[in-house]
Amino acid sequence: MHDLRLIREAPEEFDRGLGRRGVAPVSEQILELDRRRRAAQTELQDMLTRRNAASKQVGAAKRSGEDASALIEEVQSLKDGIAENEATEKALDAELLAILEALPNLPATDVPDGDSEEDNREVRSHGAKPEYAFTPKEHFDLGEALGFMDFDAASRLSGARFVVLRGALARLERALATFMLDLHTGEHGFEEIVTPVLVREEALYGTGQLPKFAEDLYRTADDYWLIPTAEVTLTNLAAGGILDETDLPLRMTAWTQCFRSEAGAAGRDTRGMLRQHQFSKVEMVCATHPDESDAELERMTACAEEVLKRLGLHYRVVVLCTGDIGFGARKTYDLEVWLPGQDTYREISSCSNCGDFQARRMKARFRPRGEKGTRFVHTLNGSGLAVGRTMIAILENYQNADGSITVPDVLRPYMGGLERIARDEIAA
């Protein structure tokens, strides 16, 4: 959500920021609604003041035996006017909110301009593309040949865009998530949290998924929503509260199942595990002081990168352009891992600084030291990492000519010492 005060103070700057994201100028409409709403509020307050005064005059007139009929008529007229003004103010407030809640966050000044992912800018890369004496296969061919990745069974159970993992690959998913959590909690200072995956509407409103992206979500018959990411639950732990400045930064992580309808992805990545309706992810979320959120974004991105480094995977970091950045983000880094089976890079983590955009929606504040007033925190979120996509990267990067998969050294303790995943070997 945007700060009306800042729009009033710098409407042209606000429109320029939206324009960088392809949104037409809207400050004039916002300010006109704001002017009419404040005028209605002023008139309402004047009417309330006059009604209270007139009511007292009626009482005084009655006690002194004077005719109070004119005053009584005025009080009734004011009562009707107050009701009308309250309705007008409520309608204007709803109209203004409908505009504001649909507007994306303003991009940071150092975010590159662009129309699509083609305009994202590479910041750095790590490692080198692996070389093979054979033609590398894609993850679904490898997984199905191993007998541990079953899309047909998942389709019978649930339909398209689901998978059943068995044996060594089921254990690999658990191993990956546990390794990530151990790293983030043991070395990166995040607190591990277990959260629900069903939430009320207001939680998704707070992080910006609702109302704009309802079609991308799953909703139950009794009005719960399945989370698309633990960003929703972790960030909302700060909703409606007032933190002390000494509590910041809050750094939280969770491994959850995530659910997305992929409504806008028809025909994309229909084979394999890249784009599924249900997947697991280790999420990182931070709530921090506004002066420190830029540095926190760099730190969070480095935490995600460390997972890839320890797994020995080649990747690059790109900063997203204005045409590719998410609705609630002011700046985003994507980590793109190299997939030799596809001969391309694919996103495996997205780390974003949302500024106070989410905090305003969910009223997440802190009290600066020595001050009576409060300020909105800045919120950040990032994948640390998407577990299924990390499995894909391991299968494709660590594949052998015979179709087996070498288990990365760092994961072997989590795999019961297993060094190689082959068709005739099932992890206990």
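A disulfide is a pair of cysteine sulfur atoms within 2.5 Å. The structure discussed here is a predicted model.

Q: How many disulfides does the structure hold?
A: A pair of cysteine sulfur atoms counts as a disulfide within 2.5 Å. By that cut-off, the number of disulfides in the structure is zero.

Q: Which cysteine has the sulfur nearest to that of Cys 351?
A: Cys 351 is in no disulfide. The nearest cysteine sulfur is 8.5 Å away and belongs to Cys 303.

Q: Is Cys 351 buried or exposed?
A: A residue is buried under 20% relative accessible area. Cys 351 has a relative accessible area of 0%, and Cys 303 has one of 4%. Cys 303 is therefore buried, and Cys 351 is likewise buried.

Q: Is strand 16 largely enclosed or exposed?
A: Strand 16 covers residues 378-386. Nine of its nine residues are buried, so the rest of the structure leaves strand 16 largely enclosed.

Q: Which residue of strand 16 is the bridge partner of Thr 288?
A: Strand 10 (residues 278-288) runs antiparallel to strand 16, and seven bridges join the two. Thr 288 has as its bridge partner in strand 16 the residue His 378.

Q: Which residue of strand 16 is the bridge partner of Ser 352?
A: Strand 16 also pairs with strand 13 (residues 344-353), in the antiparallel sense and over three bridges. The bridge partner of Ser 352 in strand 16 is Asn 381.

Q: Within what arc do the buried residues of helix 6 fall?
A: Helix 6 spans residues 151-158, and its buried residues include Phe 151, Ala 153 and Ala 154. Seen down the helix axis, the buried residues line one face, because they fall within an arc of 155 degrees.

Q: Which exposed residues does the face of helix 6 turned away from its buried side carry?
A: The buried residues of helix 6 pack against helix 5, strand 2 and strand 3. The face turned away from that buried side carries the exposed residues Asp 152 and Arg 156.

Q: Which residue has a side-chain oxygen that reaches the backbone nitrogen of Asp 152?
A: This contact lies at the start of helix 6. The oxygen comes to within 3.2 Å of the backbone nitrogen of Asp 152, and it belongs to Asp 150.

Note on methods. Residues are numbered from 1 along each chain as its sequence is written. This is a predicted model: local features need pLDDT of at least 70, side-chain atom pairs count only at pLDDT 80 or more; totals for chains, interfaces and linings use all residues. Side-chain values use heavy atoms; hydrogens and water are left out. Buried means under 20% relative accessible area, exposed over 50%, partly exposed in between (1.4 Å probe, protein chains only). Helices (H or I, at least four residues) and strands (E, at least two) are DSSP runs, numbered from the N terminus. Two strands pair if DSSP finds at least two bridges between them. The arc is that of the directions from the helix axis to the C-beta atoms. Contact means heavy atoms within 4.5 Å. A polar contact is a pair of N or O atoms within 3.5 Å; within protein, one must be able to donate a hydrogen and the other to accept it, and residues adjacent in sequence count only if both atoms are side-chain atoms.
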